[in-house]
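Reader: I'm new to this. Could you pick a spot in this structure and walk me through it slowly?

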Amino acid sequence: MNYIGINNGVVDAKEAVVSALDHGFLYGMGLFETFRTYDGVPFLLERHLQRLASGCRELGIPFEQERGRLLEWIKRVMNKNGLQEAYIRYTVTAGEDILGLPAGDYSQPNHLLYIKELPKLSDKLYTAGKPLQLLSHRRNTPEGALRFKSLHYMNNILAKRELSGYVSSSEGAEGLMLTADGYLAEGIVSNLFFVHHNVLYTPSLSTGILPGITREMVLELASGAGLAIEEGQYEWERLSVADEVFLTNSVQELVPVTSLWKQDERHTVGSGSCGAITEELIRLYKERTGARQ
């Protein structure tokens, strides 16, 4: 990543700076969205912008971003970095303000585009899947009624540090956090789904998880396919009897989980490979990315 977008411009990464008084730096007052392109076009961009705008309103950060203008800016940053496809992080910080907690709204936010090459993912990931490691580190409660995709990521970083100490991390495992009450929450960078007796389950937003854009799309695809769906509060043991488990995020899409790890004890999910319902949802999701809606 040689070039970064800042406030509709494109600058050398070494020159992309914000003030030491930016409240994104001082207090974590800022939000971001991560998404990817297909054939050079950002996928589900409108939904990401809606979530970002909603969060900014709640935090008192003015947000105005016209889709066409943003697409043109993204393309300029991609071209400058020599990319045909990209992993994109769009960040909005609160901007410079007083040293202290303000009671009013912000007035001069900063907008940044971090764009890099998409990670190279093997096709085997979507058939053989990956491990899921239960973590002792608990998911913190959300900042408001729903969790923001905010700049203060310490909870996730501590979870990542714990994950690195397990055997499963060498196999590319994702870490799973529970709520303080011991219910399934979400992965470090993913939302969680599981299938049991042909019913699709996922932790509800009441557990304090991020309302993921890919999670939302999977629920829509599953509903359209006639699958029974339930959102609720579930314990780890529900995963151990599940027929299928998978994870979602905007870059990796839907990834099967084929083994569960609790401490250093391993449990195989289903047949140990991608299940039929997960496979069908992957197909439907791929079909939708081709439409680029």
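Author: Let's start with His 111, which lies in strand β6, residues 110-116 (helices, H or I with at least four residues, and strands, E with at least two, are DSSP runs numbered from the N terminus). A heads-up: this is a predicted model, where local features need pLDDT of at least 70 and side-chain atom pairs 80 or more, while totals for chains, interfaces and linings use all residues. Residues are numbered from 1 along each chain as its sequence is written, and side-chain values use heavy atoms, leaving out hydrogens and water.

His 111 has 12% relative accessibility, so it counts as buried (under 20% relative accessible area; exposed is over 50%, partly exposed in between, with a 1.4 Å probe and protein chains only). What does its side chain make a polar contact with? That's the side chain of Tyr 90, at 2.7 Å (a polar contact is an N or O pair within 3.5 Å; within protein, one must be able to donate a hydrogen and the other to accept it, and residues adjacent in sequence count only if both atoms are side-chain atoms). Leaving out residues up to four places away in sequence, His 111 also touches others, among them Gly 5, Phe 63, Trp 73 and Val 92 (contact means heavy atoms within 4.5 Å).

Now hop over to strand β8, residues 174-178: five of its five residues are buried, so it's largely enclosed by the rest of the structure. Glu 174, Leu 176 and Leu 178 point one way, Gly 175 and Met 177 the other. Strand β8 is joined to β9 (184-187) by three bridges, running antiparallel, and Leu 176 has Gly 187 as its bridge partner there.

Note on methods:
Two strands pair if DSSP finds at least two bridges between them.
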